[in-house]
Amino acid sequence: MNEKYGKIISYILFAVVALIWGLSFLVTKIALEGLNAYEVLALRWGVTMAAFMLLIAIRVIKVDYRGKNLRLLAMTVLFQPCLYAIFECIGIDLTTASESSIMIAAVPIMVVVENALILRKSTGKRSLLGVAIGFAGVVCCIAFGPAASSGSAIMGYAALFLAITVGGAYCISTDYASKSFSTIEITTAMCIGGGVFYTALSLIMGNGFHPYKVFFSVSEATASILFLGLGCGFVCYFLYNYNLGKLSATIAASIQTNAINIVGVISGIMIMKDPWGLYTVIGLALMVAGIIICATDEMKS
């Protein structure tokens with residue numbers, strides 16, 4: 001396939017992932033009304049794991065990890081979903097849906113920082129400009145947000161900052177893992193690893209069978225968890241991992257997170273009636289500009 005057309009396909013996939021993941025902040029808030037953060041994670045990743053194991057059992061999915069760098073794959077799984085999802089879910093619980101989606105949009109700047117500090121890799125000036133403009137939009141929305149001074153919001157921001165730190169590390173490790181593993185092998189390891197990790201963690205936290213009782217008896221919880229497990233976990237991680245293997249980690253993270261943020265903010269305002277103002281409009285405009293700059297720079301490379 002022509003490389004240019006391949007990148008166009010990646011951008012189409014970005015739009016699909018942005019729509020689903022952008023709504024995930026709103027859906028997670030709904031799920032958290034009847035479940036705690038660890039219960040939501042256990043159910044969400046349990047559903048994703050079940051879907052992958054079913055497809056492996058009926059041989060729709062084929063994976064082969066023999067003779068490959070499993071240490072690198074394990075590191076990827078540790079970053080995402082084991083650490084990232086915990087911090088993200090706690091952050092969403094302590095902030096509004098639009099605020100949490102805005103904060104997660106800072107992942108690209110973390111990828112740039114970690115690339116420079118850990119791998120000694122630089123990013124093109126135009127791409128850096130796009131990342132900086134997008135991040136300026138994040139700062140604009142958060143700094144002038146009506147809940148910025150509340151104690152719960154500050155704790156939520158702290159959790160989300162930890163999320164973007166490990167999110168940046170995940171982007172880099174997936175970029176390297178894609179040289180040894182196929183997209184489906186990376187995604188399968190992440191989803192099964194996440195299912196095992198969060199099911200065990202939920203049991204350790206003393207939740208017992210309560211989350212499963214809620215899942216099978218409350219329609220809102222059932223719909224929310226299926227959306228998070230099948231849509232956000234099963235579909236989105238496969239598409240996102242594919243894009244991370246095709247584009248640079250910085251570019252992919254910048255385009256994807258800012259696109260997700262736009263959907264998340266708009267859905268939070270329209271459906272959950274999250275507060276907004278001129279600062280929100282300016283912030284969104286800056287993030288759109290960042291996406292355009294990064295995308296056009298990647299198309300030229």
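How do the axes of helix α9 (residues 210-217) and helix α10 (residues 219-246) cross? They come within 5 Å of each other and cross at roughly 100°, where axes are lines fitted to C-alpha atoms, for helices over the stretch in contact, and angles run from 0 to 180 degrees between N-to-C directions. That makes α9 roughly perpendicular to α10, given that angles under 35 degrees count as roughly parallel, over 145 as roughly antiparallel, 65 to 115 as roughly perpendicular and the rest as oblique.

This is a predicted model, in which local features need pLDDT of at least 70 and side-chain atom pairs count only at pLDDT 80 or more, while totals for chains, interfaces and linings use all residues. Residues are numbered from 1 along each chain as its sequence is written, and side-chain values use heavy atoms, with hydrogens and water left out.

**The chain as a whole**

The chain has 12 helices and 0 strands, these being DSSP runs numbered from the N terminus (H or I over at least four residues for helices, E over at least two for strands). Of its 301 residues, 55% count as buried, a term that stands for under 20% relative accessible area, with exposed meaning over 50% and partly exposed in between (1.4 Å probe, protein chains only). Among the contacts in the chain with a separation of 6 or more, 89% come from residues 24 or more positions apart, and contact means heavy atoms within 4.5 Å.

**Helix pairs**

Two packed helices are described by the angle between their axes and the distance between the axes.

| Helix pair | Axes come within | Crossing angle |
|---|---|---|
| α9 and α10 | 5 Å | roughly 100° |
| α2 and α8 | 7 Å | roughly 140° |
| α8 and α10 | 9 Å | roughly 135° |

In the pair of α9 and α10, Val214, Phe215, Phe216 and Ser217 of α9 meet Ser219, Ala221, Thr222, Ile225 and Leu226 of α10. The residues of this contact divide into 6 nonpolar, 3 polar and no charged, where Ala, Val, Leu, Ile, Met, Phe, Trp, Tyr, Cys and Pro count as nonpolar, Asp, Glu, Lys and Arg as charged, and the others, Gly among them, as polar.

The axes of α2 and α8 cross at roughly 140°, which makes α2 oblique to α8. The crossing of α2 past α8 is left-handed, meaning that the near helix is turned anticlockwise from the far one by less than a right angle, whereas clockwise would be right-handed.

For α8 and α10 the axes cross at roughly 135°, and the two helices are therefore oblique to each other. Here α8 passes α10 in a right-handed crossing, and the contact includes Thr183, Ile184 and Met190 of α8 together with Tyr237 and Phe238 of α10. By class, this contact has 7 nonpolar, 4 polar and no charged residues.

**Salt bridges around Lys68**

The whole structure holds 2 salt bridges, each defined as a side-chain nitrogen of Lys or Arg within 4 Å of a carboxyl oxygen of Asp or Glu. In one of them Glu185 pairs with Lys68, and the closest N and O atoms are 2.9 Å apart. This pair links distant parts of the chain, since Glu185 lies in helix α8 (residues 183-204) and Lys68 in the loop between α2 (37-57) and α3 (70-94), 117 residues apart. Glu185 is buried at 5% relative accessible area, whereas Lys68 is partly exposed at 30%.

Ser180, found in the loop between α7 (151-177) and α8, has its C-alpha atom 6.7 Å from that of Lys68, although 112 residues separate the two along the chain.

The side chains of Arg66 and Asp64 also meet in a salt bridge, with 2.9 Å from N to O. Arg66 is exposed at 71% relative accessible area, and Asp64 counts as partly exposed at 30%.
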